[in-house]
Amino acid sequence: MSFKSFPKVELHTHLEGCAPPAFIRGLAREKKIDIGGIFDADGGYAFRDFDHFLKVYEAACTTLQTPEDFRRLTLAVLEETAANGVIYMETFVSPDFCGGGDLAAWRDYLAAIVDAADEAETKFGITLRGIVTGIRHFGPEACKPAARCAAETKGRFITGYGMAGGEMVGRPGDYAYSFDLAREAGLNLTCHAGEWGGPSMVRETIRDLGVSRIGHGIGAADDHALIDEIMEKDIVLEVCPGSNVVLKAVSGWPSHPIAKLRDAGVKVTVSTDDPPFFHTTMTKEFEMLQRTFGWEEDDFNALNRTAIAAAFCDEDTRERIGRQLEETQ
Ligand SMILES: [Zn+2]
């Protein structure tokens with residue numbers, strides 16, 4: 001079956017990472033920025049491995065220079081995401097890419113993103129919420145202004161704080177200050193861990209950063225004690241199988257541990273991470289899960305329920321999206 005119109009909830013995307021390549025090329029042309037080296041012959045993003053992916057990602061971000069650029073980006077991303085049946089999405093937004101960590105500049109960028117999200121909700125029927133993100137490989141000091149921006153702009157739209165970027169830079173505890181600051185401001189917390197770092201990185205992230213969700217977390221799959229701890233603490237995994245396959249965090253779809261984690265009782269959700277980079281959409285993720293693991297409509301309905309229950313939005317939004325999901329089951 002085609003899952004294109006099947007309603008979906010996804011919790012783990014990066015706003016700039018969702019940018020259609022044609023959109024970035026258009027901006028580069030307008031601004032006369034030379035970023036030609038980041039595309040392949042077909043016009044898609046081209047990279048060799050995870051470190052190169054981060055470089056290509058940051059090069060694409062150099063075209064996003066003003067709040068207006070982010071307003072246009074948000075609209076383009078939400079139109080594409082809604083076309084794949086997503087009715088609720090959370091996205092990582094980084095003050096580092098939106099004004100270099102300056103709070104006043106961040107407020108301007110955020111206002112433009114929220115403006116576009118409201119317009120997209122009316123036009124395309126998709127609800128967006130934002131999670132402010134520190135960039136791990138920029139270092140613990142650089143994550144502090146990001147956490148301050150998060151704390152100062154917590155509200156209907158900004159509901160969480162998280163950390164993305166190169167997972168093998170530093171240990172989770174090095175970043176505790178930023179997470180403590182965000183927690184004290186009442187923000188929900190998530191962090192990328194266990195994409196590359198294995199069980200010890202997941203364990204330390206839970207212990208030192210006190211997150212309620214883990215981005216990826218697949219490195220926990222073979223550690224039974226850690227799986228027990230994840231379930232005991234009711235931590236939800238934001239699993240991005242297509243991303244893991246393309247970046248070779250796993251050897252292929254058949255060996256992806258999402259089914260094993262789910263069968264063990266872990267709360268898993270499915271997201272696209274940076275869809276055009278990984279040649280994926282939520283429709284394709286659902287199709288591959290059906291083809292690889294035989295998941296059916298009931299499984300995807302359960303996946304959606306887990307995701308909306310773990311969403312960082314306010315309760316009114318959660319109930320509204322939950323009702324929408326029920327009506328279409
Ligand atoms: Zn991610």
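Which residues touch the most other members of the largest nonpolar core? The views below start there. This is a predicted model, in which local features need pLDDT of at least 70, side-chain atom pairs count only at pLDDT 80 or more, and totals for chains, interfaces and linings use all residues. Residues are numbered from 1 along each chain as its sequence is written.

**View 1. The largest nonpolar core has 93 residues.** A150, Y161 and A311 touch the most other members. A nonpolar core here is a set of buried Ala, Val, Leu, Ile, Met, Phe, Trp, Tyr and Cys residues joined through C-beta atoms within 7 Å. Buried stands for 20 or more other C-beta atoms within 10 Å of a residue's own, exposed for 12 or fewer, and partly exposed for counts in between, with C-beta atoms placed from the backbone.

View 2. Helices (H or I, at least four residues) and strands (E, at least two) are DSSP runs, numbered from the N terminus.

**View 3. H216 sits in strand β6 (residues 213-216).** Although H216 is not a glycine, its phi is positive, at about 80°. H216 counts as buried because it has 27 C-beta neighbours inside 10 Å.

**View 4. H279 lies in the loop between β8 (267-270) and α11 (282-293).** Here too is a non-glycine residue with a positive phi, about 50°. With 13 other C-beta atoms within 10 Å, H279 is partly exposed.
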